[in-house]
Amino acid sequence: MKNILDVKHLHIEFNGASILEDISFSVEEGSVLAVIGPNGAGKTMLLKSLIGLIPCRGEITWRRGVRIGYVPQRMDIETDVPLTVNEFFSLRGSEVTGDKIKKALDSVQLNPKILTSGLGEISVGQRQRVLVAWAALGEPDVLLFDEPTADIDITGQESIYKMLYNLQKEKGLTMLIVSHDLNVVYKHAQSVLCLNRKNLCYGPPRTVLDSETLQGLYGGDKAFFQHKHG
Amino acid sequence: MLVAGFVAASASLLGSFAILKRMALVGDALSHVALPGMAIALLLKINPFAGAIAFLGTAVIGVWAVEYKSSLSLETVVGVFFTASLAVGALVMPEHELIEALFGNITALTPLESVISIALSIFLIALLLVIYKKLTLSMVSTEMAQSIGIRNKRLDLIFLLGFALSVALGIRFVGALLMGSLVIIPAASAKNTARSLKSFMAQSVVFGVAAATAGIYFSSRYALTPGPVFILISVLIFITTLFVRRMRAV
């Protein structure tokens with residue numbers, strides 16, 4: 001398998017403070033990489049730097065011509081934002097047709113009725129699916145998925161992951177997933193990257209995720225378990 | 001009245017994005033910057049509009065650079081710097097011009113200025129209609145915008161420059177003190193009643209134009225300054241839309 005992404009010695013600084021130091025990893029085409037770490041570890045910053053949204057040092061090499069879909073952790077919108085779901089899809093540009101939107105909604109198991117709802121009115125779980133569908137409309141090769149933390153309950157999360165993996169199998173997507181849920185990591189990821197400012201572990205989950213690494217990552221069992229259910 | 005209609009249309013269309021971006025008070029701050037520009041232009045005996053444009057353009061580029069380069073809060077910078085320029089403007093401005101600069105007087109426009117105002121308003125409306133999808137997306141989520149190749153920084157700058165143009169146009173109409181309202185109130189009203197982006201933009205323009213034409217009409221009929229009359233009518237519209245919103249929520 002060829003690598004779709006190579007990252008070498010990535011450094012990110014923000015306002016003079018170091019956010020990420022010397023991160024190196026690569027992602028194979030069609031595989032799932034899980035990025036784990038406590039809050040504030042720089043996971044979202046990592047994803048943002050991968051799409052060139054924030055400045056960084058080091059090397060980020062995507063396969064040439066790669067199409068990237070991005071699902072953000074949360075959206076900065078008000079509940080009464082005057083924007084319907086349908087209009088939100090059409091913001092992608094004129095190549096988005098009604099047919100394509102229906103197909104994309106189908107793949108995330110949403111009813112087309114949602115199209116006339118306001119983007120701010122629908123539930124967080126529904127919005128997450130809308131965001132995935134939005135990304136899917138671009139027929140991406142890679143999907144960057146920044147997991148929402150406290151906004152969705154466990155069952156909601158599970159069904160979103162199920163849907164994501166179906167999507168991955170169907171289309172041979174490569175996925176980079178920021179996750180707090182170790183079950184997700186063990187079940188679906190071929191490799192895992194543990195971050196806490198530095199690269200603490202990187203490799204197949206079953207080999208690199210021992211209790212020592214996890215303790216180093218989250219600062220002890222207790223902290224980790226609280227985090228998982230929080 | 002025609003000029004007022006066009007200026008109000010472009011300002012309220014721009015305002016709908018300012019509301020989405022939660023930059024409601026930027027218009028107020030920017031209009032303060034226009035004041036010293038107009039004052040210096042008057043002293044040098046050039047058109048105040050040109051002075052306003054020059055100062056506004058410099059100011060928004062400054063704001064844009066600060067937003068991306070400095071860790072200072074944007075609001076702090078804007079608050080300090082822009083109020084200072086209001087003070088400078090008030091000192092430099094000849095006294096008999098000051099009232100007009102602060103509260104506007106669209107009836108004082110020369111025919112050439114009117115034509116230029118209308119042309120620039122049309123340009124601004126066209127510009128906004130071309131970029132509105134990108135603009136909305138980058139406001140809703142910069143990451144998603146970036147992922148489909150939208151250059152957010154550049155878009156931000158274009159929007160701010162449009163904002164500056166809109167302020168320069170509107171300042172002759174409602175004046176430096178009330179300019180912020182010309183941009184914001186129609187859009188704020190439309191947000192109360194609209195649920196989709198298209199109706200939001202359309203309603204904002206309709207409210208703005210209606211208030212502007214009614215404002216000109218009443219002010220000429222009762223010999224009042226048009227700017228404040230326009231603002232009061234906009235506020236009436238806003239209050240009405242609040243009731244509509246209330247009723248819908250029940």
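Q: Hi! How many aromatic pairs does the structure hold over all chains?
A: Hello! There are nine aromatic pairs over all chains. Keep in mind that this is a predicted model.

Q: Let's take A:Tyr161 and A:Tyr165. Why does that pair count as stacked?
A: The ring centres of A:Tyr161 and A:Tyr165 are 6.2 Å apart and the planes meet at 20 degrees, so the pair is stacked. Planes under 30 degrees apart fall in that class.

Q: And where do A:Tyr161 and A:Tyr165 lie?
A: Both are in helix H5 (residues 154–171) of chain A. They are four residues apart, about one turn of the helix.

Q: Is A:Tyr161 buried or exposed? And A:Tyr165, buried or exposed?
A: A:Tyr161 is buried, with a relative accessible area of 4%. A:Tyr165 is buried as well, at 6% relative accessibility.

Q: Over to chain B. What kind of pair do B:Phe159 and B:Phe163 make?
A: That one is edge-to-face, because the planes of B:Phe159 and B:Phe163 stand at 75 degrees, with the ring centres 5.9 Å apart. These two residues are four apart in helix H8 of chain B, which means about one helical turn separates them. Both B:Phe159 and B:Phe163 are buried.

Q: Which residues do ring pairs link into a cluster?
A: A:Phe88, A:Phe89 and A:Trp134. There is a charge to look at here too: A:Arg92 lies over the face of A:Trp134, 4.4 Å from the ring centre.

Q: Changing topic: how many residues does the largest nonpolar core have?
A: It has 133 residues. Those with the most contacts inside this core are A:Phe88, A:Phe89, A:Leu119, A:Leu164 and A:Leu209. Its largest share, twelve residues, comes from helix H8 (residues 152–174) of chain B.

Q: What lies apart from that core?
A: Another core, of 27 residues, including A:Phe25, A:Val27, A:Trp62 and A:Val178.

Q: Back to A:Leu119. What is it in contact with, leaving aside neighbours within four places in sequence?
A: In chain A, the contacts of A:Leu119 include A:Met75, A:Ile77, A:Leu83, A:Thr84, A:Val85, A:Phe88, A:Arg127 and A:Val130. From chain B, B:Val140 is also in contact with A:Leu119.

Q: I was also looking at A:Ser179. Where does it lie?
A: A:Ser179 is in the loop between strand S7 (174–178) and helix H6 (182–188) of chain A. A:Ser179 counts as buried, at 0% relative accessibility. Beyond its neighbours within four places in sequence, A:Ser179 is in contact with A:Val35, A:Ile36, A:Glu147, A:Tyr161 and A:Val184. So the buried A:Tyr161 turns up again.

Q: How many helices and strands does chain B have?
A: Chain B has eleven helices and zero strands.

Q: Why is chain B called as compact as a globular protein of its length?
A: The radius of gyration of chain B is 18 Å, close to the 18 Å that the globule rule gives for 250 residues, so chain B is as compact as a globular protein of that length. Its C-alpha atoms fill a box of roughly 50 × 45 × 30 Å along the principal axes. Of its 250 residues, 53% count as buried.

Q: Last one: where is confidence lowest and highest in chain B?
A: The lowest is helix H5 (residues 95–103) of chain B, at a mean pLDDT of 77, and the highest is helix H10 (residues 197–221) of chain B, at 92. Chain B averages 86, and 97% of the residues score at least 70.

How values were computed
Residues numbered from 1 in each chain as written. Chains lettered and ligands numbered in written order. Predicted model: local features only at pLDDT ≥ 70, side-chain atom pairs only at ≥ 80, totals over all residues. Heavy atoms only, no water. Core = buried A, V, L, I, M, F, W, Y, C linked by side-chain atoms within 4.5 Å. Buried < 20%, exposed > 50% of the residue type's maximum accessible area, 1.4 Å probe, protein only. Contact = heavy atoms within 4.5 Å. pLDDT = per-residue confidence, 0-100. Phe/Tyr/Trp six-rings, centres within 6.5 Å; stacked < 30°, edge-to-face > 60°. Lys NZ or Arg CZ within 6 Å of the ring centre and 35° of its normal. Rg over C-alpha atoms; globule rule 2.2 N^0.38 Å.
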